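Keep the model open while reading.

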Amino acid sequence: MSSETTASSGTTAGKKHTATIVTILIAVAIGALVALAGSQGGTQLAGVPLYAWAVAAAFLIQVLVYLPSAAAKTERFFDLTGSATFIIVTVGLLVAAPEPDARAWVLGAMVVLWALRLGSFLFARIHRSGSDDRFDDIKGDKLRFLRVWIMQGLWVSLTAAAAWIAIAGGTDDREPFGWLGIVGMVVWAAGFIIEVVADLQKNAFTADPANKGRFIRTGLWSRSRHPNYFGEILLWVGVAIVAAPVLVGWQWVALISPVFVALLLLRVSGVPLLEAKADRKWGGDADYETYKRETPVLLPRLTSPKA
């Protein structure tokens, strides 16, 4: 290998190294800014806003699990750690908050139930597959591997923002649960049920050997190409509705929660990746092209599909 090639490779590696560090710093900065805004007027613990403690804990948990995972070059506990973080921090907030009211307990239950379901679902999936090919190219690079854990800390913090900010809010800002809280619970329940049913239907379809190599277009999947994502977005909208009545000032940053979830699933890591994967696998197939043309990407159609 010539010296020019070696130098070029070193420069490219250096740029990737720098880009990774910048991404990590940006993720931490975003988390810190949201923590600062969401802490306005909130309860404090040891002189530090309770919500700020929550965000810091979300990132710290990722780093603590990253260290042994990086040493073992394994991603086995990545998804489980993300789900566990929602549960640990939410329960911690409920314990630390002074006299949590009905809204706080409802929000806590929403987050914990969702995280328990997600955690068990993801753990079962990786137990069946034995590994996650998303990490094949990065788990040997400690810095790039750290980046995905830090990004997970940001994902947890932004996704749970509405619930955590409301739970950690000041006692002076409490409002009766009221009709808006009931609406939020109904929206959350509808989203949760849709997501669970969609995942169960897809798991059953995939487990049937007769469906090997085929795409699912039955049940909820006949009405939406991504009904599970629709349910996911809907349930976090429900959480935000329950939290909204007690938000004040900069605490309205909590609304980043459903917006972030929707953008992540619709523009970044959800729909675009799965649509591209499906196009590579079934693109050109007449049945698939018909299904794609007649079935909405996200919002389920109310009318029954054509026979």
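## Helix crossing

α3 passes α5 in a right-handed crossing. A crossing is right-handed if the near helix is turned clockwise from the far one by less than a right angle, and left-handed if anticlockwise. The contact (heavy atoms within 4.5 Å) involves F78, D79, T81, G82, T85 and F86 on α3, and V148, W149, Q152, W155, V156 and T159 on α5. By class, the contact has 6 nonpolar, 5 polar and 1 charged residues. Nonpolar covers Ala, Val, Leu, Ile, Met, Phe, Trp, Tyr, Cys and Pro; charged covers Asp, Glu, Lys and Arg; the others, Gly among them, are polar.

The axes of α3 (residues 78–96) and α5 (residues 142–159) come within 10 Å and cross at roughly 30°. The two helices are therefore roughly parallel (angles under 35 degrees) to each other. Axes are lines fitted to C-alpha atoms over the stretch in contact, with angles from 0 to 180 degrees between N-to-C directions. Helices are DSSP runs of H or I, at least four residues, numbered from the N terminus.

## Model basis

The model is predicted: local features need pLDDT of at least 70, side-chain atom pairs count only at pLDDT 80 or more, and totals for chains, interfaces and linings use all residues. Residues are numbered from 1 along each chain as its sequence is written, and side-chain values use heavy atoms, leaving out hydrogens and water.

## Positive phi in loops

K73 is not a glycine, yet has a positive phi of about 50°. K73 sits in the loop between α2 (50–72) and α3. K73 is partly exposed at 48% relative accessibility (20% to 50%; buried is under 20%, exposed over 50%, with a 1.4 Å probe and protein chains only).

E99 also has a positive phi of about 50° without being a glycine. The loop between α3 and α4 (102–129) holds E99. E99 is exposed, at 67% relative accessible area.

Terms used. Angles under 35 degrees count as roughly parallel, over 145 as roughly antiparallel, 65 to 115 as roughly perpendicular and the rest as oblique.
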